[in-house]
Amino acid sequence: MVPEVYFYVPKEQVEAVVECGLKLSAWCDRRVWIDGENRPCISALLNPRDDADKYNSKAFGCLKLELPAKHCWVADRRLFEIGRTCPAAMELYRKSVIPLERYYFGTYRLPECLVTTTVLPHQISVLNKIMDSPVLFESSEQLYVNNIVEDLKEKRDYLLDALLYCYFEKLAESKKVVGLKDAESGMAAFLDSRDGRTVIVKMPDFTAY
């Protein structure tokens, strides 16, 4: 099965790209070390909804690219973004680059597909959001976060209480809710004055990590 990846171009350029293709030298937006070479790449997406602004914009058209897997590599775009100001994160980005066929959905927070070849016209079509092949999940970031939470829930049965406690404790610090704690019972109550709701959670023992 030929992989499908997605790439946005300005609306006025859609027709020209469909007719002429995506020349790597013209559309390259990234140079990445792959297999010991600093290669030019076109950074596409595995899910068209992963760029929600462009997906919902009338100023961009979404193109579906059907390419041989040998020309596709996956990396975590969020690491690249953090790496612009943090060299350690950029190194993690470089290490995240793997062949497309080795990638499992939900592994990276924002996976990008690094296309290392010119894309020919017969490999390009305009995405039809209604009639095209369905996307199996809303967004890669949502899937990634859900996977982490589910994995940690299996390993640490106190996780949900810990998440709720940290969330409401932060709100209490900024005076948005009132926090009441009882060390003896290990319980805390948080009162939200906006709706009068009281949320009771178990205080987590982080030493059990």
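**A sheet and the helix beside it**

Modeller: An open sheet of three strands runs in the order β9-β10-β11, and the pairing is antiparallel. The model is predicted, so local features need pLDDT of at least 70 and side-chain atom pairs pLDDT 80 or more, while totals for chains, interfaces and linings use all residues. Numbering starts from 1 along each chain as its sequence is written, and side-chain values rest on heavy atoms, without hydrogens and water. Strands (E, at least two residues) and helices (H or I, at least four) are DSSP runs, numbered from the N terminus; two strands pair if DSSP finds at least two bridges between them.

The edges of the sheet are β9 (178–182) and β11 (197–202); each has a single partner strand, so one side of each lacks a neighbour in the sheet. From one strand to the next, the twist averages 20 degrees, with angles running from 0 to 180 degrees between N-to-C directions of axes, which are lines fitted to C-alpha atoms (for helices, over the stretch in contact).

Five bridges join β9 to β10 (residues 187–192) in the antiparallel sense. Within β10, Ala188 is the bridge partner of Lys181. Against this sheet packs helix α7 (residues 159–173), which touches β9, β10 and β11; contact means heavy atoms within 4.5 Å. The direction of α7 makes about 130 degrees with that of β11.
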